[in-house]
Amino acid sequence: MPDTSQRGRVRVEHGLKRVRAYLARELVVDTTHPLLVWERPTSPTYYFPAGDVKAELIPTGATEHSPSRGDAELYDVKVSVATAAGAARRYPESPIEELRDTVRLDWNAMDEWLEEDEPVYTHPRDPHTRVDILASSRKVRVVVDGVTVAQSDHPTILFETGLPPRYYLPLTDIRLDLLTPSDHETHCPYKGTATYWSLDVNGKTYQNFVWIYRSPLPESQKIAGLACFYNEKADLYVDGELQDRPRTPFS
């Protein structure tokens with residue numbers, strides 16, 4: 001079992017995976033001893049032993065204060081053909097002892113992240129998050145502004161730790177005539193890349209209201225080609241019963 005500690009709202013856990021990051025196709029860090037740090041409750045961030053960072057770290061002279069982690073020293077991350085400005089932070093006098101000899105890399109400043117030999121997107125996978133995807137015969141109806149926009153009696157339900165159940169529906173059970181493709185995309189470390197439609201109902205456009213994973217990651221293949229609505233933003237009926245709208249970061 002991984003070691004875990006907590007100070008205030010920040011939780012620290014010793015990871016068990018090999019983790020690498022690349023910038024301009026050059027190795028920035030390679031470690032088998034990452035720290036998972038929950039700077040916020042929803043997802044962890046990687047911190048790395050300073051000795052496992054292969055890129056050059058150039059002090060910027062800037063600092064950044066965190067009430068929980070202390071004062072960060074900012075560094076540019078330099079490889080032979082590229083520099084990521086201010087993309088590294090160190091907390092040498094952090095009140096959290098485990099962070100003092102580590103380096104935090106800005107996720108979006110790196111070009112590629114690997115856990116073991118597999119790419120990972122958006123943020124590290126949370127070892128305490130589970131995703132279950134189950135076929136169902138429950139009757140689902142989605143209503144927006146009084147209009148039924150989807151109705152199905154064979155949804156696929158995705159249960160993800162910390163989020164409400166998501167009802168993924170066949171496209172044939174959705175009012176496709178009300179959907180307009182969007183350029184919006186989101187990325188999930190458990191499911192992959194989602195693309196979106198906007199929904200037009202009663203003269204009003206609901207931007208990026210419906211999503212689909214056309215080529216999900218292997219562990220989420222059961223939702224491939226199925227579409228989903230935000231429970232937080234639509235009236236969702238399951239077996240004829242109106243569901244409460246959950247409050248989540250997507251509300």
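Q: By class, how many nonpolar, polar and charged residues does the lining of the second largest pocket have?
A: In this predicted model, the second largest pocket has a volume of about 270 Å³. Its lining comprises 15 residues, and those nearest its centre are Arg40, Thr45, Trp107, Thr122 and His123. Sorted by class, the lining of this pocket has 6 nonpolar, 5 polar and 4 charged residues.

Q: Which element gives the most to the lining of the second largest pocket?
A: Two or more residues of the lining of the second largest pocket come from each of β5 (35-40), β6 (43-49) and β10 (102-105). The top contribution is 4 residues, and the strand that gives them is β6.

Q: How many of the residues of β6 are buried?
A: A residue counts as buried when its relative accessible area is under 20%. Strand β6, which gives 4 residues to the lining of the second largest pocket, is mostly covered. Of its 7 residues, the number buried is 6.

Q: Through how many residues does a hairpin join β5 to β6?
A: Strands β5 and β6 run antiparallel and are joined by 4 bridges. Within this pairing, Leu35 stands opposite Tyr47 of β6. The hairpin that joins β5 to β6 passes through 2 residues.

Q: Which residue of β10 is the bridge partner of Phe48?
A: Besides its pairing with β5, β6 pairs with β10 in the antiparallel sense over 3 bridges. In β10, the bridge partner of Phe48 is Val103.

Q: Which residues lie closest to the centre of the largest pocket?
A: The largest pocket holds about 840 Å³ of space. It is lined by 33 residues. Those closest to its centre are His123, Glu160, Leu163, Cys188 and Phe250.

Q: Which element gives the most to the lining of the largest pocket, and with how many residues?
A: By class, the lining of the largest pocket has 14 nonpolar, 13 polar and 6 charged residues. Strands that give two or more residues to this lining include β16 (156-160), β18 (179-188) and β20 (204-212). The most is given by β18, with 4 residues.

Q: By class, how many residues of each kind are in the lining of the largest cavity?
A: The whole structure contains 1 cavity of 30 Å³ or more, and about 60 Å³ of space lies in the largest cavity. The residues that line this cavity are Val142, Tyr167, Phe229, Tyr230, Asn231, Ala234 and Leu236. By class, they are 6 nonpolar, 1 polar and no charged residues.

Q: Which residue of β15 is the bridge partner of Val144?
A: Strand β14, residues 140-144, pairs with β15 in the antiparallel sense. The pairing of these strands extends over 5 bridges. In β15, the bridge partner of Val144 is Val147.

Q: What is the relative accessible area of Glu116?
A: Most residues other than glycine have a negative phi. Glu116 is not a glycine, yet its phi is positive, at about 55°. This residue lies in the loop between β11 (112-115) and β12 (118-119). Glu116 is partly exposed, and its relative accessible area is 40%.

Q: Where is Asn208 placed?
A: Asn208 is a residue other than glycine with a positive phi, near 50°. At 21% relative accessibility, Asn208 counts as partly exposed, because the range for buried residues is under 20%. The place of Asn208 is in strand β20.

Q: How many helices and strands are there in the protein?
A: The C-alpha trace spans about 55 × 40 × 30 Å along its principal axes. Of the 251 residues, 45% count as buried. Among contacts with a separation of 6 or more, 48% come from residues 24 or more positions apart. The elements of the protein are 0 helices and 23 strands.

Terms used:
Residues numbered from 1 in each chain as written. Predicted model: local features only at pLDDT ≥ 70, side-chain atom pairs only at ≥ 80, totals over all residues. Heavy atoms only, no water. 1 Å grid on protein atoms, 1.4 Å probe; cavity = no way out; pocket = protein on both sides within 12 Å on 5 of 7 lines; lining within 4 Å. Points joined across faces, edges and corners; volume = space filled by probe spheres on them. Nonpolar A, V, L, I, M, F, W, Y, C, P; charged D, E, K, R; others polar. Pairing = 2+ DSSP bridges. Buried < 20%, exposed > 50% of the residue type's maximum accessible area, 1.4 Å probe, protein only. Contact = heavy atoms within 4.5 Å.
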